[in-house]
Amino acid sequence: MKHDLETMTEKAKQLKYLAQCGLILFLVCCILSLTDIISPVSIKRKSTAETISQVPLYIESTVTKHYYSLIENRKGSICPILQGGLGNRLFQFSTAFAAARAKNMNLIIPSDTEISMVFEINETFNEARQLCKGFRKILDKASPTFHKNLMNFSSHDNIQLGYGLQSWKYFHMYDKQLKKQLTFRKHIQHEAKQTIDKILQRRNITSRKSVNLVGVHIRRGDKVGNDDGFNIATPEYLSRSVNYYTKKYEAVLFLVISDGMSWSKKNMPSHVPVEYISLGKRELDMATAVACDHTIMTIGTFGWWIGFLTGGEVVFVKDSAAKGSRFERILNFEDHYYPHWVGL
C-alpha cells in the first residue's frame, strides 16, 4: 500500500514536470511565431522608408533653402521697400540695414535692385522679392522726421519696411558700416576718378592734395514751381555757400552737377573756378561729387547722400521749407540734417 502511494506521487511529479516543459515550449513557439510576423513588417517598413527618403518632399529652390534657414536660425527678417529716386532708396536701405544690425535680424535685398548695381552691397539675395512677399508692412508716412516707435517690432518678426525714413537718427550708430556698404562699384569709381583727373590736368593742377574740391548739387527739375513747399536754391544761397568755402580754404574748385544745368551755369558765382559735370548717368554724377572733399547741397535726398558719403563739410539751405507749406509741416530739421552740417 505504501509502495503504491509512493509510485503515484512519483508519477504526479513527472506529469507536473512535463506540463511545465510543455508550457515553456508553447511560450517559446508563440514568441518565435510573433518574431516571424514582426520581422517582415519591419523590413518592409525600413525598405519603404528608404525608398521614400530618396524622393524629395519639396522642390528645393533657393527661396525654400533660405526660408528654412531662417526658421532654423529663428531670426526675423527685414525687407526694405525700395522705391523713389536713388536718394530715397538709400534712406530706405540704410534704415533697414541699421535696424537689422541692432536687432540681429536678417536683411534681405534684391540682387537686381538699382542700389545693388551701383554700390558694393553684400546683403543681397537673388529671389528676395519672392521671399519678402507676404511679410507685414511697417510704413513711415512723414518722411524727414524721426519716429522712434516705428522701430518697435520684435526681432523675430518678418517685415517689409518702407516709405520716407529720411532721418539720420535711424542709422547714425552704424555710419561706418553703412559707408562700407555704400562704396561705389569699381567701374563707377574709375570713371569718376578719370573725370576729376582730366579736370585737374586741364587746369594744370599737378597734385590732388593742393586743391579743395567742393561738390555742388543743384536740384531743379520737378521742384521748380512745386506745390509742396520746397524752396529751391537761389543765386543768393549759392553765393553764400561758395563764400563759406573760399573764406576757409585757399585753393578751392567747385564741381557742379544738376538736373537744371542751364540755370546753374547762369547763376553760379563767376568769381570762383567752377566745372560743370554731366556724365549721362546719375550714379556717375553722384560718384564724381562724392569724390570731392566737401559738399554744397540744395534740396532733395540725392544731394543729402552726396554730403553724407563725401564725409567733409556740408552746407544746406536753412529755409528749405516754405512757410505754412506741407513740407514745413513734415520736416524736422534736427531729425533730417546732421547737427554738424551748416545751414545757410
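The model is a predicted one, in which local features require pLDDT of at least 70 and side-chain atom pairs count only at pLDDT 80 or more, whereas totals for chains, interfaces and linings use all residues. Residues are numbered from 1 along each chain as its sequence is written, and side-chain values use heavy atoms, with hydrogens and water left out.

E1 and E2 pair in the parallel sense over 2 bridges; two strands are taken to pair if DSSP finds at least two bridges between them. E6 in turn pairs with strand E5 (residues 136–140) in the parallel sense, over 5 bridges, with Ile138 opposite Leu161. The 4 strands form an open sheet with parallel pairing, in the order E2-E1-E6-E5. Strand E2 (106–107) and E5 each have a single partner strand and stand at the edges, so one side of each is left without a neighbour in the sheet.

Helix H3 (residues 86–103) comprises 18 residues, which at 1.5 Å a residue should span 26 Å; the expected span is 1.5 Å times one less than the number of residues. The end C-alpha atoms of H3 are 26 Å apart, in agreement with this value. Of the 18 residues of H3, 14 are buried, that is, under 20% relative accessible area, with exposed meaning over 50% and partly exposed in between (1.4 Å probe, protein chains only). Asn104 follows H3 and has a positive phi, near 55°.

H3 also contributes two or more residues to the lining of the largest pocket, as do strand E8 (252–258), and helices H10 (282–290), H11 (301–310) and H12 (326–330). A pocket is here an open set of points on a 1 Å grid over the protein atoms alone, where a 1.4 Å probe fits, with protein on both sides within 12 Å along at least five of seven lines; lining residues have an atom within 4 Å of a point. The largest pocket has 28 lining residues, of which Asn88, Arg219, Lys223, Gly300 and Thr301 lie nearest its centre. Its volume is about 650 Å³, taken as the space filled by probe spheres set on grid points joined across faces, edges and corners.

Thr124 is placed in strand E4 (residues 124–125) and counts as partly exposed because its relative accessibility is 34%. Beyond residues up to four places away in sequence, Thr124 touches Ile109, Pro110, Ser111 and Ser116, a contact being heavy atoms within 4.5 Å. Ser111 lies 13 residues from Thr124 along the chain, and their C-alpha atoms are separated by 4.8 Å.

The protein chain as a whole has 13 helices and 12 strands, and 45% of its 344 residues are buried. Of the contacts between residues at least 6 apart in sequence, 68% join residues at least 24 apart. The mean pLDDT (the predictor's confidence in each residue, from 0 to 100) is 83, and 78% of residues reach 70 or more.
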